[in-house]
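Dear colleague,

I am passing on the structure we talked about, together with some notes on what turned up in it. Please look through the model first and then read on.

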Amino acid sequence: MSSKRRTTGKSKTKRTSGRAPAFRVAAPALSPAQAAEECVRLAEQYPEDQEDLLREAAEAWSDAGEHERALALYERLLDPQGGGCREPDLVDALRISALWDAGRGDEARAAAAAFRRRHPRDGGAWTFVAEAFESEDGAAAAAPWFTAGIAHVLGAGTPVTTDTVEESSDGSDGFDVETLLIGRHRVRRLLGEAHDDWDDVADELHQRRASPLHGRMRPLDELHDPVRLARLADGGPDALAAEFEELADALAEDGTLHSPPATCLLFWPQEEFVRLLQRWPSAASSYGDDHAGHLRQVERTLRELSDQGGTHLAVGRATVSGLEAYARSTGESAAAAATWSAYAAELARGGQAVYWPPPRNGPCWCGSARKYKKCCGNPALG
């Protein structure tokens with residue numbers, strides 16, 4: 001694979017202090033409303049992290065169904081008198097989505113028209129707006145937004161080829177263009193449109209990044225088959241799980257297993273993360289002492305490996321008991337970093353790891369039950 005990125009969203013923001021925890025992810029015991037209030041409180045306490053925390057608060061208010069509160073925070077971030085924000089186009093795109101969530105469709109469309117008149121170059125922002133149109137107004141309304149986003153990010157007159165898309169990733173926009181191309185392919189497939197040159201580019205990029213299963217790549221035309229997409233939409237997570245089971249059954253019947261991931265990173269669920277640090281405090285030097293930071297470190301490391309050309313990346317769900325059992329079986333120290341790496345590889349060999357990245361609308365690898373694009377793959381999170 002010659003890819004630069006394989007994530008489903010670009011991580012563009014970075015925490016400056018590392019002191020303020022991300023409660024939306026780190027504290028599942030909190031309700032969404034409580035998480036939002038905590039993030040707002042922390043934003044006052046840590047002004048250097050205010051933008052990140054207010055974004056998380058807005059997302060949590062949306063999860064709580066408090067869409068007007070989410071909108072108020074996005075508008076606060078966009079207010080120039082309040083200092084503005086680093087990425088106003090991305091924040092505005094999130095605001096447009098929140099307007100639709102609040103049932104204010106006419107305002108959302110007007111805000112989207114104003115967004116387009118500014119000719120933004122942020123591919124992640126274009127993706128949020130295009131997907132909002134797809135969700136609310138359907139594929140025909142979304143298609144021109146995906147197309148316009150590609151043209152704006154690459155620049156007018158730039159030929160859309162696999163090379164130009166991958167070259168643009170040196171400026172950190174390549175994956176955003178690829179995401180827009182694949183979204184455009186999807187809606188055009190739903191509309192029954194014939195393939196054009198840009199769809200061919202989307203196919204080639206997909207083939208370069210996809211992990212081979214059952215000895216073949218699943219082409220975009222198959223993944224974006226309207227019947228399949230309708231079945232997944234109607235059936236939700238259960239339909240996606242059933243598709244995975246069908247694939248596993250096919251592999252078992254054929255007797256052919258796909259190659260294990262070349263690189264597998266350990267992910268420690270929150271309770272296991274607490275146990276890990278209690279059992280071996282020195283593990284904080286590798287995994288940090290904050291679970292939210294651990295999640296972001298895993299996602300960030302996978303993105304960096306993909307940027308460097310890594311293929312067949314995966315995440316293994318680790319447990320302290322599993323690590324200890326593996327260490328006993330090998331005679332190695334369970335406290336050694338080398339053992340953790342070997343344990344990750346063993347999870348991958350045993351089929352106990354999941355390929356990364358998951359589909360944008362698929363469940364996140366962290367087990368939150370949220371869509372990947374709304375969780376660890378959210379470009380609004382750093």
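The notes below go from the overall fold to the cores, and then to the charged pairs and the cysteines.

Please bear in mind throughout that this is a predicted model. The secondary structure comes to 18 helices and three strands, and of the 382 residues in the protein 48% are buried. Among contacts with a separation of 6 or more, 65% are between residues 24 or more positions apart. The exposed surface comes to about 17200 Å², of which carbon and sulfur atoms supply 51%.

The largest nonpolar core has 58 residues, and the members that touch the most others are Ile 96, Val 129, Trp 145 and Leu 181. Helix H8 (residues 139-154) gives the most to this core, contributing nine residues. Once neighbours within four places in sequence are set aside, the contacts of Leu 181 include Ile 150, Val 160 and Val 165, as well as Trp 198, Val 201, Ala 202 and Leu 205. Another core, of 21 residues, lies apart from it and has Trp 280, Ala 334, Trp 340 and Tyr 343 among its members.

Turning to the charged side chains, the count of salt bridges is 24. Asp 92 forms one with Arg 95, with 2.9 Å between the closest N and O atoms; because these two residues are three apart in helix H5 (residues 88-101), about one helical turn separates them, and both Asp 92 and Arg 95 are buried. Asp 199 and Arg 184 meet in a salt bridge at 3.7 Å, N to O, and this pair links distant parts of the chain, with Asp 199 in helix H11 (residues 197-209) and Arg 184 in helix H10, 15 residues apart. Asp 199 and Arg 184 are both buried.

Helix H10 (residues 174-190) also holds Arg 186, which is buried at a relative accessible area of 14% and whose side chain is joined to that of Glu 134 by a polar contact of 2.7 Å.

A further salt bridge, between Arg 279 and Glu 324 (3.2 Å, N to O), has partners that count as partly exposed, with relative accessibilities of 47% for Arg 279 and 22% for Glu 324.

Finally, the structure holds zero disulfides. Cys 375 has its nearest cysteine sulfur, that of Cys 366, 3.6 Å away, and Cys 375 is buried at 1% relative accessibility.

With best regards

Terms used: Residues numbered from 1 in each chain as written. Predicted model: local features only at pLDDT ≥ 70, side-chain atom pairs only at ≥ 80, totals over all residues. Heavy atoms only, no water. Core = buried A, V, L, I, M, F, W, Y, C linked by side-chain atoms within 4.5 Å. Buried < 20%, exposed > 50% of the residue type's maximum accessible area, 1.4 Å probe, protein only. Helix = DSSP H or I, 4+ residues; strand = E, 2+ residues; numbered from the N terminus. Contact = heavy atoms within 4.5 Å. Areas by Shrake-Rupley, 256 points an atom, 1.4 Å probe, with all protein chains shown as cover. Polar contact = N/O pair within 3.5 Å; in protein donor to acceptor, adjacent residues only side chain to side chain. Disulfide = S-S within 2.5 Å. Salt bridge = Lys/Arg side-chain N within 4 Å of Asp/Glu carboxyl O.
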